[in-house]
Amino acid sequence: MREPLTRVMDQAYATCRSGWSVVRMRGPGQFLFWLIALCIGIASGLAALGFRKGIEELQHWLYHAEEHEMIYRAASQLPWYWVLLLPVAGGLVVGVILDRFTPDGRARSVADVIQGTAMNDGRVEVKAGLASAVASLLTLGSGGSSGREGPVVHLAATMATWVNDRMHFSGITARDMLGCAVAAAVSASFNAPIAGALFALEVVLRHFAIHAFAPIVIASVAGTVINRLEYGGVAEFSLPPESILQFYEELPAFLLLGAVCGVVAGVLMLSIFWAEDFANFVQRATRMPRWLRPACAGLLLGALAIYFPHIIGVGYGTTAAAITGKLLLGEAMLFAVLKVIAVAITLGGRMGGGVFSPSLMVGGLTGLAFGIIATGIFPENSGSATLYALAGMGGVAAAVLGAPISTTLIIFELTGDWATGLAVMVTVSISTALGTRMVDRSFFLTQLERRNIHLAAGPQAYLLAMFRAQGVMRPDGTPGAAPAEPCWKMIEAGTYLDATATLETALPVFDRTGAAFLPVVQLRGADQPPELIGALFHVDALKAYNRALAATAAEEHS
């Protein structure tokens, strides 16, 4: 008996010594990273607060609005020509900024942060990101109909990129730092620390690895503290006290509401993409300078806002009216349709902004309209119509973002109402299952898919685009390189790779030709022959791909 006991004690002692070595050697570095995460959380929270205050000040100056949530009331009291021209002026300034400081005249948002996390070593474009933040601020302040959360997320990611560059972070560390910034920005925007942390994991990092959890939570809490120091601990929206769920009897209605919200979310997303395609067509056909495009969108918005000022700005005032039941059935349906049109014009016209707040507004209006009808048909088996508005908010937003978990928690934290969780969860689950089938999993991933960036299919699709043939090939004249004569025969037959080609291009060629290697050339011009610089072997391409897949799997499960 003593021998096994001695062996166990020896093993325990060795484990303790090993554990202490890990703490002594890695502990300070881990603590330092958490400290940096706290600092980036505070900085991102301040950025989100400053962005929100900037919108309020600009709307107060331009529309004389005392509260940004009630900007539509102020706009309804202004002369019609002022309401018409303000979005045009804002769009003109936005167009000049984006034309000058971005390579494509497009404002950056959450989709670019997701791309930076997956493919750019946890980094986004700094100059374009700062210009996009200013452009989105001007868009929302001058009457654009979009959300403030997307620009804030990218602004926080820009700050994280600066930290990553200065601290020389790369790989997992850089991506975690980006996740910390995003979590703090979301939590500061919504006063929602739990949802902020989960949003960063679910939408941006797209995994729930243990190593990322602690620093992201630290940053998220820091962002929330910044928000609460200014606005207090109150919920963003206040629900009426009579919002009671008749649990089991009403669940079929919430299942149906989920299906309706999924369709509405799909229509919202597709409308934005259709508007963007149409604006691209008009811009090409008329040879319109790209800096003029946002001003044209502002003209359409201003014309619509003359009659329906509810479409102006972020839309939290109308959202609050929806979930408190202050709108009639016809108003809710009309405002939902108009908001979809306004958001499509704003984003299709490249004015800047995000889709989170608009999806909350459209969802709240959809849910209220559904609730008024449902409670009118079955009054004895129904609770309040405002409960349907709350569930509809979550349903549309979750399908647009492709983030059912964090969106559900955001709804809870925005309203402070945890008792209606069952209704919201049912609606969100059905809407997400349906809405994400109408696009490539979410609005953001579909944006990237339209740019030929295939993140929606997972690492097995986008990792191939991260390796260039020139980086994996065996250079000409080195040991193990392909013979020159067969390479030139393949080049003459038109079977070769440009040095800038990626494995995404190379592997289908290997499959089609069955070749063991492909020559890699440097194209020097139309009148000059290509220069042979090496050969990409099929086995080398597969090894590089396999190593990348293994590294991604290790990060997601660490």
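1. Helix 22 passes helix 23 in a left-handed crossing. The model is a predicted one. Helix 22 covers residues 503-513 and helix 23 covers residues 538-556.

2. Two packed helices are described by the angle between their axes and the distance between the axes. For helix 22 and helix 23, the angle is about 135 degrees and the axes are 11 Å apart. Angles over 145 degrees count as roughly antiparallel and those from 65 to 115 as roughly perpendicular, and helix 22 and helix 23 are therefore oblique to each other.

3. Which residues bring helix 22 and helix 23 together? Helix 22 contributes Leu503, Leu507, Phe510 and Asp511, and these meet His538, Ala541, Leu542 and Ala544 of helix 23. By type, the residues of this contact are six nonpolar, one polar and one charged.

4. The sheet is open and has four strands, in the order 1-4-3-2, with mixed pairing. Strand 1 (474-475) and strand 2 (497-498) are at the edges; each has a single partner strand, so one side of each has no neighbour in the sheet.

5. Strand 3 (residues 517-522) pairs with strand 4 (residues 531-537) in the antiparallel sense, over six bridges. Gln522 has Glu531 in strand 4 as its bridge partner.

6. Helix 21 (residues 484-492) packs on the sheet and touches strand 3 and strand 4. The direction of helix 21 makes about 75 degrees with that of strand 3.

7. Helix 23, besides meeting helix 22, lies across strand 1, strand 3 and strand 4. Helix 23 runs at about 65 degrees to strand 4.

Definitions and conventions:
Residues are numbered from 1 along each chain as its sequence is written. This is a predicted model: local features need pLDDT of at least 70, side-chain atom pairs count only at pLDDT 80 or more; totals for chains, interfaces and linings use all residues. Side-chain values use heavy atoms; hydrogens and water are left out. Axes are lines fitted to C-alpha atoms, for helices over the stretch in contact, and angles run from 0 to 180 degrees between N-to-C directions. Helices (H or I, at least four residues) and strands (E, at least two) are DSSP runs, numbered from the N terminus. Angles under 35 degrees count as roughly parallel, over 145 as roughly antiparallel, 65 to 115 as roughly perpendicular and the rest as oblique. A crossing is left-handed if the near helix is turned anticlockwise from the far one by less than a right angle, and right-handed if clockwise. Contact means heavy atoms within 4.5 Å. Ala, Val, Leu, Ile, Met, Phe, Trp, Tyr, Cys and Pro count as nonpolar, Asp, Glu, Lys and Arg as charged, and the others, Gly among them, as polar. Two strands pair if DSSP finds at least two bridges between them.
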